[in-house]
Amino acid sequence: MELELRGITKRFGPLVANDGISLSVAPGQVHALLGENGAGKSTLMNVLYGLTQPDEGEILIDGEPARLNSPGDAIAAGIGMVHQHFMLVPTFTVAENIELGFPGGGRRVRDLSRDYGMDLDPDAVVEDLPVGIQQRVEIIKALVRKARVLILDEPTAVLTPAETDELFRIVRQLTEEGTSVIFISHKLREVVAIADTITVLRQGKVVGERAPDATAADLATLMVGRDVQLRVSKTPASPGETVLRVEGLTVSSADGRLPVSGTSFSVRSGEILGIAGVQGNGQTELCEALMGLRPVAGGTVTLAGKDLTRASPRRRLRAGIAYVPEDRTDDGLVGSFSITENLILDTYSRPEFSSRGNLKLAAIARNARERIAEFDVRTGSPGTAAGHLSGGNQQKVILARELGRDHAVLIASQPTRGLDVGSIEFVHRRIVERRDAGVAVVIVSSELDEIYALADRIAVMYEGRITGFRDPDVPTAELGRLMAGGADREER
């Protein structure tokens, strides 16, 4: 099926999410859409899948204009979509999920599963399946409906390296049989590995089209609009004494689960410990417990020999922990507060900013000017509401606040999620600077590239436990094995 988009424009109020986008997808081709979060990739695919209607432009299928007013229209036209967040009923079986809206489709699961080597059990309950297998269910759903164009929206975001390799095998088999695949991603390495054609979006516009032999530097420049340094420049670590020690940490949840169970590790001054793992294996709960935002059911947390296991978040901040939460908008900032106010959220009561209950406004304003300049926060005024900043500038405000006071430990959870490669470059440089200044750094990231780039030592989490510690030269396959729950074969 030949698919063409001509001049697609989609507005949301004053925001132009897609601005005159044109591209074509040939039969049996992997056409990658590359761009950072907010570049317009998902909006464009929602238009193609009938989830939203364009304000301008047209979609052509085999040279004829197509009206796609709903996902039903798209499916009927031969377009399928696997969303980044799977559209499955967790308590239903594989077959029951495929039957939804397509009676009789569940009976084809075994045949299609066998044909594409997906190894799916039609009677398995979806909530009991690993995320990689759930993704296969979504692909089978599209194939049952005879999709000739398959949209994969950030398909590797929750996969282990082995699962990513398996997905690529399935994609190649689909294209060999004539199915076209639109592969949406912000990961340069994966796009180059799988694509036949790469279209780069920036701020809602097509800024270039490249063949897969394009260099990562060229693609990154197109994505950001300037030259960026893709590799983190850092010298070998020179670790000192142990600063943070976590022993047997267990965290319970309201439903009785143990998202963190008996986890132990230590971090020395002047080193970065990278905690890797597929999202949802206890990393969020671990960070919240380390910051006192979630009660500890067992184990201990000590900082420079001081027991902080039951300490409040404020006491932990005062003890010398800097914290960059994974959700910057909900947990890192008060969106309606100004940049100036956000920069003193955890220090406003200190003598340099207040006296006898009165804020020292001149000192607070001076602090804001200095931090905005030092961390290159792009804003018209320190009085701008933090919620009006771009994601990258919001993250810079959080870093400016947390790194702008004395600290012995930095805990950063998903520090570059949703940022463009230029902002990623800035954040990584600041993190390495902290390490080189003697800070003990803990980085939690579901992006393996980020773990490899930053970590001096790697710990892998799976189902609330650390399954192994490795040096940063560990092969990806070995990390993937640990991320999937494989037993540790090395001494810790």
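The chat below goes through a few local features one by one.

Q: What kind of model is this, and which pLDDT applies to local features?
A: This is a predicted model; local features need pLDDT of at least 70, side-chain atom pairs count only at pLDDT 80 or more, and totals for chains, interfaces and linings use all residues. Residues are numbered from 1 along each chain as its sequence is written, and side-chain values use heavy atoms, with hydrogens and water left out.

Q: Start with Ser113. Where is its place?
A: Ser113 sits in helix H4, residues 109-115. Helices are DSSP runs of H or I with at least four residues, strands are runs of E with at least two, and both are numbered from the N terminus.

Q: Is Ser113 buried or exposed?
A: Ser113 counts as buried because its relative accessibility is 4%. Buried means under 20% relative accessible area, exposed over 50%, and partly exposed in between, with a 1.4 Å probe and protein chains only.

Q: What is Ser113 in contact with, leaving aside neighbours within four places in sequence?
A: Met118, Asp119, Leu120 and Ile140. Contact here means heavy atoms within 4.5 Å.

Q: Which backbone atom does the Ser113 side chain reach?
A: The backbone nitrogen of Asp119, at 3.0 Å. That is a polar contact: a pair of N or O atoms within 3.5 Å, where within protein one must be able to donate a hydrogen and the other to accept it, and residues adjacent in sequence count only if both atoms are side-chain atoms.

Q: And Arg107, buried or exposed?
A: Arg107 counts as exposed, at 69% relative accessibility. Arg107 is in the loop between helix H3 (94-99) and H4.

Q: New topic: H13. What span should its 14 residues have?
A: At 1.5 Å a residue, H13 (residues 361-374) should span 20 Å, and its end C-alpha atoms are 20 Å apart, which agrees. The expected span is 1.5 Å times one less than the number of residues.

Q: Which residues of H13 are buried?
A: Ala363, Ile364, Asn367, Ala368, Arg371 and Ile372. Seen down the axis of H13, they fall within an arc of 165°, so they line one face of the helix. The arc is that of the directions from the helix axis to the C-beta atoms.

Q: Why would residues three or four places apart point the same way?
A: Because an α-helix has 3.6 residues a turn.

Q: What covers the buried residues of H13?
A: The cover includes helix H12 (339-342), strand S18 (358-359) and helix H14 (391-403). The face turned away from the buried side carries the exposed residues Ala362, Arg369 and Ala373.

Q: What follows H13?
A: Asp376, whose phi is positive, near 55°.

Q: Over to sheets. What is the order of the open sheet of 4 strands?
A: S2-S1-S4-S5, with antiparallel pairing. S2 (15-25) and S5 (64-66) each have a single partner strand, so one side of each is left without a neighbour in the sheet. Two strands pair if DSSP finds at least two bridges between them.

Q: How many bridges join S4 and S5?
A: S4 (residues 56-61) pairs with S5 over 3 bridges. Ile61 stands opposite Glu64 in S5.

Q: Which strands does S11 pair with?
A: S11 (residues 242-251) pairs with S12 (residues 260-268) in the antiparallel sense over 6 bridges. S11 also pairs with S14 (residues 298-303), antiparallel, over 5 bridges. Glu247 stands opposite Thr300 in S14.
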